[in-house]
Amino acid sequence: TDRLRNSVININCNIQPRDAMRPWTRLPGFEAGGSGVVIAPGMILTNAHVVHEATEVLLETDQTNLPVSGKVVALDLGRDLAMIEVEDKAFIEAHPPIELLKGLPEDGAEVIVMGYPMGGESLSTTSGVISRCEWAGIGMTEEEGMRIQVDAAVNSGNSGGPGFVNDKIAGLAFSGIDNAYADNISYLIATEEIE
């Protein structure tokens with residue numbers, strides 16, 4: 001639906017990592033991007049790896065003429081989650097929040113994954129089913145938590161984008177398996193970790 005589509009945000013960042021040997025200095029910067037979803041007015045949920053060490057965060061969608069600045073206000077590397085705040089009133093009004101699904105989705109339930117993966121500039125929508133829910137490594141530090149396996153395509157840039165079940169956020173895309181032995185295996189961070 002349009003409401004779901006309007007809640008998904010394209011995130012572009014200027015990343016300047018700190019030098020591990022001299023943490024008071026930064027290494028040369030680079031641009032990176034991902035996706036996010038509005039979960040409260042002006043609050044966008046995404047993956048920590050999308051915004052970690054960002055010096056600038058710009059937000060845009062198919063509804064925005066120009067990118068809008070956002071500010072990272074929370075970062076959880078263990079669960080690979082981050083929250084971005086945006087203050088632009090027009091942006092907030094155009095991008096409604098979507099409710100989190102309570103509990104875990106049923107195996108076999110239909111899932112719609114949205115985001116801004118590589119290969120195009122506009123919002124991408126893929127669909128599939130919930131394959132399984134399991135306790136496994138989910139964060140940047142491989143902290144364990146509930147993850148949801150889906151067979152919907154998740155590609156680079158989809159990170160932080162939502163997986164919708166019954167018009168609610170069932171999880172947040174964070175990784176996939178891409179090798180000769182695996183087809184269509186992608187993962188969402190479950191809403192119980194997000195909460």
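1. Leaving aside neighbours within four places in sequence, which residues is Gly157 in contact with? They are Gly33, Gly34, Ser35, Tyr116 and Pro117. Gly157 itself is found in the loop between β9 and β10. Its relative accessible area is 11%. Buried means under 20%, so Gly157 counts as buried. Another residue, Asp19, is 138 residues from Gly157 along the chain. The C-alpha atoms of Gly157 and Asp19 are separated by 25 Å.

2. Now the overall picture. This is a predicted model. The protein has four helices and twelve strands. Its radius of gyration is 16 Å, close to the 16 Å that the globule rule gives for 195 residues, so the protein is as compact as a globular protein of that length. The C-alpha trace spans about 45 × 40 × 30 Å along its principal axes.

3. Of the 195 residues in the protein, 46% are buried. Consider the contacts with a separation of 6 or more: residues 24 or more positions apart account for 62% of them. The accessible surface comes to about 9900 Å². Carbon and sulfur atoms hold 47% of that surface.

4. Charge deserves a point of its own. There are 12 positive and 29 negative side chains in the protein. The centres of the two sets lie 6 Å apart. Side chains of opposite charge can pair when their charged atoms come close. The structure holds eight salt bridges. The next points take up some of these pairs.

5. Arg79 and Glu143 form a salt bridge, with the closest N and O atoms 3.5 Å apart. The pair links distant parts of the chain, 64 residues apart. Arg79 is in the loop between β5 (68-76) and β6 (81-85). Glu143 is in the loop between β8 (124-137) and β9 (144-150).

6. Arg147 has a relative accessible area of 16%. Buried means under 20%, so Arg147 counts as buried.

7. Strand β8 also holds Ser131. Ser131 is partly exposed, with a relative accessible area of 32%. Leaving aside neighbours within four places in sequence, Ser131 is in contact with Asp107, Gln149, Val150 and Asp151. Where does Pro117 stand relative to Ser131? The two are 14 residues apart in sequence and 22 Å apart in space, C-alpha to C-alpha.

8. Finally, the backbone in one loop. Most residues other than glycine have a negative phi. Asn166 has a positive phi of about 55°, although it is not a glycine. Asn166 is found in the loop between β10 (162-165) and β11 (168-179). Asn166 counts as exposed, at 66% relative accessibility. Asp167 lies in the loop between β10 and β11 as well. Phi of Asp167 is near 65°, again a positive value in a residue other than glycine. At 48% relative accessibility, Asp167 counts as partly exposed.

Methods. Residues numbered from 1 in each chain as written. Predicted model: local features only at pLDDT ≥ 70, side-chain atom pairs only at ≥ 80, totals over all residues. Heavy atoms only, no water. Helix = DSSP H or I, 4+ residues; strand = E, 2+ residues; numbered from the N terminus. Rg over C-alpha atoms; globule rule 2.2 N^0.38 Å. Buried < 20%, exposed > 50% of the residue type's maximum accessible area, 1.4 Å probe, protein only. Contact = heavy atoms within 4.5 Å. Areas by Shrake-Rupley, 256 points an atom, 1.4 Å probe, with all protein chains shown as cover. Lys, Arg positive; Asp, Glu negative; His and termini not counted. Charge placed at Lys NZ, Arg CZ, Asp CG, Glu CD. Salt bridge = Lys/Arg side-chain N within 4 Å of Asp/Glu carboxyl O.
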